[in-house]
Each structure stands twice: as structure tokens, then as C-alpha cells.
Amino acid sequence: MDASAWGLLASFLAALVVLAWPLSRALAAICAGRLPRLLQRIEAPLYRLAGVQPDAGMPWQRYALCLLAFNGAGTLLLYGLQRLQNRLPLNPMNMPAVAPDSAFNTAVSFVSNTNWQGYAGESTMSHLTQMLGLTVQNFLSAATGIAVAFALTRAFAGRRADSQGLVGNFWADVTRITLWVLAPLSFAIALLFAGQGVIQNFKPDAVVTTLETTTYQAPRLDTAGQPVLDAKGAPVTDSAQTHQQTLSMGPVASQEAIKMLGTNGGGFFNANSAHPYENPTALTNFVQMLAIFLIPAALCLTFGRLVGDERQGWALLAAMTVLFVAAVVALTAAEQAGNPLLGKLGVDQAASAWSSGGNMEGKEVRFGIDATALFTAITTAASCGAVTAMHDSLTPLGGLVPMVLMQLGEVVFGGVGSGLYGMLVFAILAVFIAGLMIGRTPEYLGKKIEVREMKLVSLAILITPIVVLLGTAVAVSVGAGTAGIANPGPHGFSEVLYALTSAANNNGSAFAGLSANTPFYNTLLGLAMWLGRFGMIVPVLAIAGSLAAKQRLPVTGGTLPTHGPLFVALLVAVVLLVGLLNYVPSLALGPMVEHLMLWPAH
């Protein structure tokens, strides 16, 4: 990495900490129910209307059932909205109803916070579907993830044993997170985006004449519209120049804000954040990157505040940062090294005053390699999936990095809520391993980690690799799966592996060389997204209920410190070994083999 890349990374991390610190205070107050009286008065009518008692805690089973029912209903409503959009208002371009398999995939995708898109948004979804369906689920899926993180945090923070294992009230959590965190932050970011040039309107597509022109000979017409003839009876022609382009319109800024803040990632346009109407300037690009990591980083500090030891939150944040910086360095170096195939074609890949150098294929010239590599690492470390580059055109090792970041369980900051509770699952495993080493019953923050918790931890960690690897095996074994592969060989396998990895880990980005908008892939990836999301959430809530029912033990001389550099190193090692070990054989068949083919030994 050069000095500019290091400077961009340092600026990003510094700005992130500065913004996450005050936000963590607000999140802690919401999680603990310490809201100002004015806010309580505003939300009280909503609870009365819904028949909800916000202070009434729920055992984990009821919390999980409410969560599943809420998200199941959201899936059905979003599916119906897509299927009926041709009969509904705010459809100025007369978009037809979305096909059943695509509507199913999209409904599950946005409800599960994945936002995988097998379609081009500007040519598929009406304005109403974009706003009432996709944007609304961007809020609610993000709120669901944060609610689960709140439930697990309360379980660790509780000092007295709760015989019922109460973990909070799901309806109160979702309401408060949406009203007092996501909505105001999204409003502020949307205003900034609109001021920078992100469009926000309800207009139909605009046809404009561009600066690019085409010259042609057109017949001259008289006032009656008839061709003008010269003395010899030949048509008189004039030179004419015109070039027109159709520009899609719509409510983009409002969707763009929550798309990033909620680590959703689904773009209004097919080009996503590479489109100048979604990401017009270097400032919006930087703000988008900050928005993706803002809540995941703040939740780590929130955790430390609520358990009574802020060092615990900083330790989790430090482990995430170590893994993230390593990923950015590896990805940037891989892309700056260039592509030897382009070199053979005479493409100059050397850095100069006129070029950033390296492998610029599939990247936005406005942002270059440094900002693109940083954005790519951020969006796949978090479960966001927004893109400023075509990931399919990354070098083999460059494509390996975002794939690995997702396969780690997206705990390197991760999605809103899911990053924290995913890293806490690994932290429980880390203290269990440490306990085995010293022959002592493991504890984390005074809560004993016993057989039940370890069974649930194992289930939470293994569910995603099982879905990814089985799904990939099915896709490359049947004709309907291989039919979508445009690049046979290791790269084609990587495209399939990336798609299943992205779906099951609720990321949503794609290598995009795979033709995935088919009934087979829409169904397979839809199931992977649902199992990857809720197959992990249920065991995490069960862990929360089990820990909430336990007394918090005092710290003794034999207690493993979980706030220092030693524990951070142990946690990083466990994430790498356990999170990645399941995928090494599949990675060897894809990006690793492709790298050896691209860079043969000399």
C-alpha cells in the first residue's frame, strides 16, 4: 500500500471512532430503556394501539417467535407488493409485475438484511415498491439485527439470575431502534446525499440530449413535411447531430441512506454505488463507507457500557479492526499488483500522475484502486453488499479477500447487530478454549459457559458453512446450476461459491458473472438467505435466554481477563481458525487455483 492508501484508511478509522463514541451512548440508553420522558410520550400511543407493554420482558422463546412472525409477515407483504405493482400507483414507467421466483428471492433478501438483487432495480421495481417495500424493509431488517444484539447484551449485563430468562421486549426494541436511531440518522444522511447530487423525486424516466453527438445526413423537409429536391430532382440533405439517453428517476437519496446505515446494500440502480446518481462525489463515497460501519462499531462500545466495563467493548472493536486492516492491506496490494493478462495486451498498469495504476478493470475511475479496495473490504466485512466496483473483475487474490471476509461469519464489524452477536459467539468459544487449556470452567463476563451454551454456539457457527457448502455442491452438480456459469473453470466455481457465501451470510454482493436470475438460483439463494439469517438468530437468542438465567459471578484471581491484548489475539485466532477452516478446500478449488493459473511459477 502506498501513502495515499494508508492515509485514507487512517482517516476512515479515526472518523469512525469519533462518530461511534457518542452514538454508543444513545444506543446504550435505548437498550436499557432509559429514554427521555418526551420520547416516551411520543411512542406511548403506538404501544397502546398495538396492545404492547414495552416494559414487560419476554423469555427468549417468545422473543424469537415474535421476531420470526414479524419477519415472516414482512416477507409475505413484500412478495405481494411486487406481484401487484402493475396495478398500484406510483408506477410512472408502467413496470409489470415481478416474476414469482424473483419476487420470492427479493422478498426474502430484503427481509433478511441481505438485499441480494438478481434484477436491475431501475427497470424492474416501481417507485412504490422501492419505497414502501424495499426501503421499509431496509429499516425493519436492520432493527431486527440490532434487537437481537440488544437481547444478548442484556443477558451478559444482568447481574442477578432471572429464572424466566427474560431478554427484553421485541416490539419495544424494534420500535425504539427504528424511531430513535435509524430514522433520524437516515434523514440526516439523506439530506447530505441530496445536497451532493443524489436524486430524490417521483418523476418518470427522463430522455435527455447528451454532449456526446452522432453526425448523420438527414433529408431537408419543407413546411408541409415533404423532402426538398434540388435542380436535378435529388433530395437535399443536411448534416444533423443528436445523441439521446434515458436517465432513470426516483426516490434514491432516502433509500441510499438506510441502505448504507442499515448495512443493507441493495441499490436503486443496477450499478449500485458506482452509479453517479447514488454516489456522485468523493464526499458521498466517504460518508457511505462511514455509514456502513457506524452502528456496528458503536454497538461494540455500547456492549462495554452496558456490561459495566468499557474495556470489553474496546477489546471486541480492536479484534474487528485488526482483521479489517489486514483485509484492506491484502486487497489493495492484490489490485495494485495488476493483472498479467492485461499487461500482455499492452495495458499500462504502472502508477503515474495520470493513472492510479494496477488492475483498474471493473472499477470506477472517479475513486481509483485505493478507495475501491477500501469500499470493497468494508461492504463485505459488514453484511452490506453495496458495491463501487465489479467484484467479478478483481484479481483472484483480490476476490479472495471479500469472499473470506464473508465466510468468517461477517463478524469483522459485520452487519448492524449481527456483527456484535456473531463476534460474541466467537468470544464465548474463545473463553471455552482457554478454559480447556487451564482446566477451569470457562466464564465470560461472570457468566459460566457450560454444555448447553457450547452446543448452541456450535450450532450458530456451523449453520452458515453447512448452507454455503451444500448449496454450492448442489449448484455445481445439476444442469440448472451449471447453466448459469458463463466462465467455466475455477473462476466459474468461484462465482457460484461467492453467490452462496454472500446469500447465507446475508451480504448481498455478487461476482456478477453468474446468471442468477433464474428459478433455480432465485429459489436456492432465497432459502440460503433465510436459513443463514434466522438459522443463526434462533440459537443466539437461546444463548441469551440461557445466560440471562445465570447469576453473574464476581471476578477472582482465576478469572480470564477478556479485555487485554492477549484475549484480542486469542479472539482473532479463533475467528480465523474456526470461521475459515470450513472453507479452505473450496477456496483452494476456486480463487487459489485461479491465482496459480494467472501467475504461473517462473
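Guide: Helices and strands are DSSP runs, numbered from the N terminus. In this predicted model, the chain has 19 helices and six strands.

Visitor: What radius of gyration would a compact globule with 602 residues have, and what does the chain have?

Guide: A compact globule of 602 residues would have a radius of gyration near 25 Å; the chain has 26 Å, so the two agree. The C-alpha trace spans about 110 × 70 × 45 Å along its principal axes.

Visitor: Is Glu453 buried or exposed?

Guide: Buried means under 20% relative accessible area. Glu453 has 1%, and therefore counts as buried. Glu453 lies in helix 14, which covers residues 451-475.

Visitor: Which residues does Glu453 touch, leaving aside those up to four places away in sequence?

Guide: Glu453 touches Lys448, Ser546, Leu547 and Lys550. With Lys550, the side chain of Glu453 also forms a polar contact of 2.9 Å.

Visitor: Which residues form a nonpolar patch on the surface?

Guide: Val17, Trp21 and Trp314 form such a patch, with about 260 Å² of accessible area together. Trp21 belongs to helix 1, residues 3-32.

Visitor: Why does Trp21 count as partly exposed?

Guide: Partly exposed lies between the buried limit of 20% and the exposed limit of 50%. Trp21 counts as partly exposed because its relative accessibility is 34%.

Definitions and conventions. Residues are numbered from 1 along each chain as its sequence is written. This is a predicted model: local features need pLDDT of at least 70, side-chain atom pairs count only at pLDDT 80 or more; totals for chains, interfaces and linings use all residues. Side-chain values use heavy atoms; hydrogens and water are left out. Patches are made of residues with over 30% relative accessible area and no salt bridge: like charges are joined within 9 Å, nonpolar side chains (Val, Leu, Ile, Met, Phe, Trp, Tyr) within 5 Å. Accessible areas come from the Shrake-Rupley method with a 1.4 Å probe; for residues, only the protein chains shown count as cover. A salt bridge is a side-chain nitrogen of Lys or Arg within 4 Å of a carboxyl oxygen of Asp or Glu. Helices (H or I, at least four residues) and strands (E, at least two) are DSSP runs, numbered from the N terminus. Buried means under 20% relative accessible area, exposed over 50%, partly exposed in between (1.4 Å probe, protein chains only). A polar contact is a pair of N or O atoms within 3.5 Å; within protein, one must be able to donate a hydrogen and the other to accept it, and residues adjacent in sequence count only if both atoms are side-chain atoms. Contact means heavy atoms within 4.5 Å. The radius of gyration is taken over C-alpha atoms; the globule rule is 2.2 Å times the number of residues to the power 0.38.
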